[in-house]
Amino acid sequence: MIHARTVLWLSLTLRSTRSLCRAHFGEWQPQRPPNPGAMENGTLPCREERPPSAQETTITEGAAKIVFPSSNEVFYNPVQEFNRDLTCAVITEFARIQLGTKGIQIKVPGEKDLPKVVVNLSEQEEEKVESKDGENLTPGDQPQIAVVGEICEEGLRVLEGLAASGLRSIRFAREVPGLRSVVANDASARAVDLMRHNVQLNGVAHLVQPSQADARMLMYQHQKVSERFDVIDLDPYGSPAPFLDAAVQAVSEGGLLCVTCTDMAVLAGNSGETCYSKYGAMALKSRACHEMALRIVLHSLDLRANCYQRFVVPLLSISADFYVRVFVRIFTGQAKVKASARVKFSAACGPPVSPECEHCGQRHQLGGPLWAEPIHNLDFVGRVLEAVSANPGRFHTSERIRGVLSVITEELPDVPLYYTLDQLSSTIHCNTPSLLQWAQALGSALLHAGFRVSLSHACKNAVKTDAPSSALWDIMRCWEKECPVKRERLSETSPAFRILSVEPRLQANFTIREDANPSSRQRGLKRFQANPEANWGPRPRARPGAKAASEALERRRLLQNKRKEPAEDPAQRSARLKTFLCKRFKEGTCQRGDQCCYSHSPSSPGASADATPTDFTKAQCPPVASASPLPGFFWPSSP
């Protein structure tokens, strides 16, 4: 199915490096493993003294143990453990693929050896085979094995551009085999000092090299083919947009780029202009905003890579908690870059539809451009899922990783965006059974009609289908006949009235089908995570001399709604409102009598023709409710 998208070609310019070099940055140089007496491993000397041990907090995650100042808990966010576990699993499989082409095998702790083929041979044949193998076997024929914690000379060179405490880099060194080096970079001198301490604490100084530099400058300095990184991980606070141009140039041919975006308010459509300025696409506020955010980020990455005759190939795209995370490979090819405008994004020829939706009568909204190709490589996702399932004790969040990846393998890869169950039912104001029963009923109706249907990992209420919108609304009209809606309560201009006023051409069959219930649901996998802790979410931005997180949260709580007046006693509030003359009484239209919260006596204290209450809570008598068109966004075409 071809989806037309409007392309806005942007001219990306590189800032002058002079403005980026105002601060003193040290260029990282590859180093050999230091001697045991070496206590520092980095580029710049320590500028600040580390806080006393009494003011430090120790955290153990995976195979790493880190310390960070208790007065600045922004260095560690436990909710992101799923992000770090998944990244370790993805890089491990990427290393297995890359090193496998060089004849190098990797050995993961807890992972069983490859099964051997058992052949039923006689004793004489077995002896002949054993003697023959023994004659031909030489030390050079032994495959090279890459293990965790050791340098692999032909292994991967990894860069973590914004490392903070260095936890992610240390976990790479202690959990991912087949690495040549890991550069843990941060612009903060205090963070680099903390990284040095944590690197020594975990005994990975021979693999992890702390670096203090602007992440953009560091990546720009590694644009040469021989100096590029095989893996670049970017997990900034907020938007990664400032780092993407440098990142797509510093990744080796076929290398892996891992990017996290936590500015979901922008990507979800709350500020379309800001999204356009950062990512080159207009986001829409819709129920499918999380997958739309993934496709906007992929489009932005590909757009920046195209400027340098490079293009991206998505391996895995995740929407989880309060962020989106994409894993893409970067390749070079002029033909593929030119095909981006014809395949991934279609040239504008529209509008392809009328100004109003043919079903509900509402106006269309234009967003994008979006990445229209698949956002996952199902073969790669299957490899990661198989490895995590075979070694569940490797990660603390293995159960959730299995659930999320299982849903991804069930998604329809060629169907962008999705509907939601509550959106469909609330649009026509009809009642539905429980979420599970309604999902099975709607999925069965779509399957009976000859269409495909699946879930989405981005939303637990999502329905992906290749059915056109006309067929989907016919199914909803058939459902409404079984659960009738009171038509007299609907406004003639509402979407519900217009949709239900048309007779369905397709007669839906709601008989439950077994294949309408996906395997991940039948097995009871943890597909959607509940809130892991109170007040969870992105931590505050790191600031020099920041107070403890608990103090910051308390101060934020105290300053909330500071412009609003304090709560008023109900009796005092009622007496105060009685001092104002009711405008409706003056006009002769108030029918509440003594129950009116305002005065009906012209001689009330402070009453005047222009007197109005200054209460900002809008406590005036509520007007009589009237029907109005259903507001909000409505996605008229197939997702």
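Contact here means heavy atoms within 4.5 Å. With that in hand, let's work through some exercises. The model is predicted: local features need pLDDT of at least 70, side-chain atom pairs count only at pLDDT 80 or more, and totals for chains, interfaces and linings use all residues. Residues are numbered from 1 along each chain as its sequence is written, and side-chain values use heavy atoms, with hydrogens and water left out.

**Exercise 1: the overall picture**

Task: find what share of contacts in the protein between residues at least 6 apart in sequence join residues at least 24 apart, and how many helices and strands there are.

Solution. 
- Step 1. Among contacts between residues at least 6 apart in sequence, 73% join residues at least 24 apart.
- Step 2. Helices (H or I, at least four residues) and strands (E, at least two) are DSSP runs, numbered from the N terminus. The protein has 21 helices and 14 strands.
- Step 3. Buried means under 20% relative accessible area, exposed over 50%, and partly exposed in between (1.4 Å probe, protein chains only). Of the 639 residues in the protein, 48% are buried.

**Exercise 2: the nonpolar cores**

Task: identify which residues touch the most other members of the largest nonpolar core.

Solution. 
- Step 1. A nonpolar core is a set of buried Ala, Val, Leu, Ile, Met, Phe, Trp, Tyr and Cys residues joined through side-chain atoms within 4.5 Å.
- Step 2. The largest such core has 54 residues, of which Leu 256 and Leu 316 touch the most other members. H2 gives the largest share of this core, 8 residues.
- Step 3. Not counting residues up to four places away in sequence, the residues touched by Leu 316 include Leu 86, Val 90, Phe 327, Ile 375, Leu 405 and Ile 408.
- Step 4. A second, separate core of 50 residues has among its members Phe 229, Leu 244, Val 251 and Val 328.

**Exercise 3: the two faces of H9**

Task: work out which residues of H9 are buried and which exposed residues sit on the face turned away from them.

Solution. 
- Step 1. In helix H9 (residues 272-279), the buried residues are Gly 272, Cys 275 and Tyr 279.
- Step 2. These residues cover an arc of only 60° around the axis, which puts them on the same side of H9. The arc is that of the directions from the helix axis to the C-beta atoms.
- Step 3. Glu 273 and Ser 277 are the exposed residues on the face turned away from the buried side.
- Step 4. The partners of the buried residues of H9 are strand S9 (251-261), helix H8 (264-267) and helix H10 (289-306).
- Step 5. After H9 comes Gly 280, with a positive phi near 75°.

**Exercise 4: a residue in a strand**

Task: decide whether Ser 319 is buried or exposed, and list what it touches.

Solution. 
- Step 1. Ser 319 lies in strand S10 (residues 310-320).
- Step 2. Its relative accessibility is 10%, so Ser 319 counts as buried.
- Step 3. Ser 319 is 25 residues from Leu 294 in sequence and 7.3 Å from it in space, C-alpha to C-alpha.
- Step 4. Leaving aside neighbours within four places in sequence, Ser 319 is in contact with His 290, Leu 294, Val 324, His 457 and Ala 458.

**Exercise 5: backbone details**

Task: locate the cis peptide bond that joins Gly 368 to its partner.

Solution. 
- Step 1. The cis bond joins Gly 368 and Pro 369, with omega about 5°.
- Step 2. Pro 369 is in the loop between helix H11 (334-344) and helix H12 (378-390).
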